[in-house]
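Have a look at the picture first, then read on.

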Amino acid sequence: MGPGKWEITLAVTLLLLAAWLRWRAPLEVPPGLEMDPLIEAEIAEQVLVGDWRPFYEAGQGREGFYYYWLALWLVTLGRHVFTLRMASTFLSLLGLAAAYRLTRYLFGPGVALIGLAGGAVSFWPLFAARSGLRSTGLLPLAALAGFFFWRFVVGAPLGRIANGRTVRT
């Protein structure tokens, strides 16, 4: 069964709330840059000059996915603090949408909307997105991994989990 009009309206409203919280005054809150966002920008600059690796040693070791994402944003919008924060906020919003979709498939619309509401306003996802941190890349990757695991490895149809078994929806 597809999503109803109320569900779509509520999901879009929650995503708009999440976007507003992430995009309101992006250069003022949090003020300045900390060590981690500076390391993120430095590694993205390495990617732009052709240093493509799965892992980077800076900052006690970091995986490469976020830096390829950030490098695309740096080329598109320029090398600014604003760009660093926008790249993270868009990745955060993609993660919220992907997690909503997966959670809806697995547990139904009620649980998915509660999870989306929590992710939209929770402190740590909001802080990571506004600060320009690479941890914003975890949610979209985890949601995609869960989706593909459920679909192809488990082999079950995408559906809700009810009482320990899969139910077609």
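Leaving out neighbours within four places in sequence, L48 is in contact with A71, L74, V75 and R79; contact here means heavy atoms within 4.5 Å. Before going further, keep in mind that this is a predicted model, where local features need pLDDT of at least 70, side-chain atom pairs count only at pLDDT 80 or more, and totals for chains, interfaces and linings use all residues. Residues are numbered from 1 along each chain as its sequence is written, and side-chain values use heavy atoms, with hydrogens and water left out.

Helices are DSSP runs of H or I with at least four residues, strands are runs of E with at least two, and both are numbered from the N terminus. L48 is partly exposed, at 28% relative accessible area. The scale goes like this: buried is under 20%, exposed is over 50%, and partly exposed is in between (1.4 Å probe, protein chains only). One of the contacts of L48 is L74; the C-alpha atoms of L48 and L74 are 8.7 Å apart, though 26 residues separate them along the chain.

Now for the rings. A pair of aromatic rings is described by the distance of the centres and the angle of the planes. Rings of Phe, Tyr and Trp (its six-membered ring) pair if their centres lie within 6.5 Å; planes under 30 degrees apart are stacked, over 60 edge-to-face, and the rest tilted. The whole structure has 11 aromatic pairs. Here are two stacked ones:

| Pair | Centre to centre | Angle between planes |
|---|---|---|
| W52 and Y68 | 4.7 Å | 10° |
| F123 and F127 | 5.7 Å | 20° |

What does the pair of W52 and Y68 tie together? W52 lies in the loop between α2 and β1 (55-56) and Y68 in helix α3 (residues 65-77), so the pair links parts 16 residues apart in sequence. W52 is exposed at 57%, while Y68 is partly exposed at 23%.

F123 and F127 are both in helix α6 (residues 123-131), and because they are four residues apart there, about one helical turn separates them. F123 is exposed at 52%, and F127 is partly exposed at 33%. Elsewhere, W23, W69, W73 and F90 form one aromatic cluster.

Last stop: A117, in helix α5 (residues 109-121). A117 is partly exposed at 26%.
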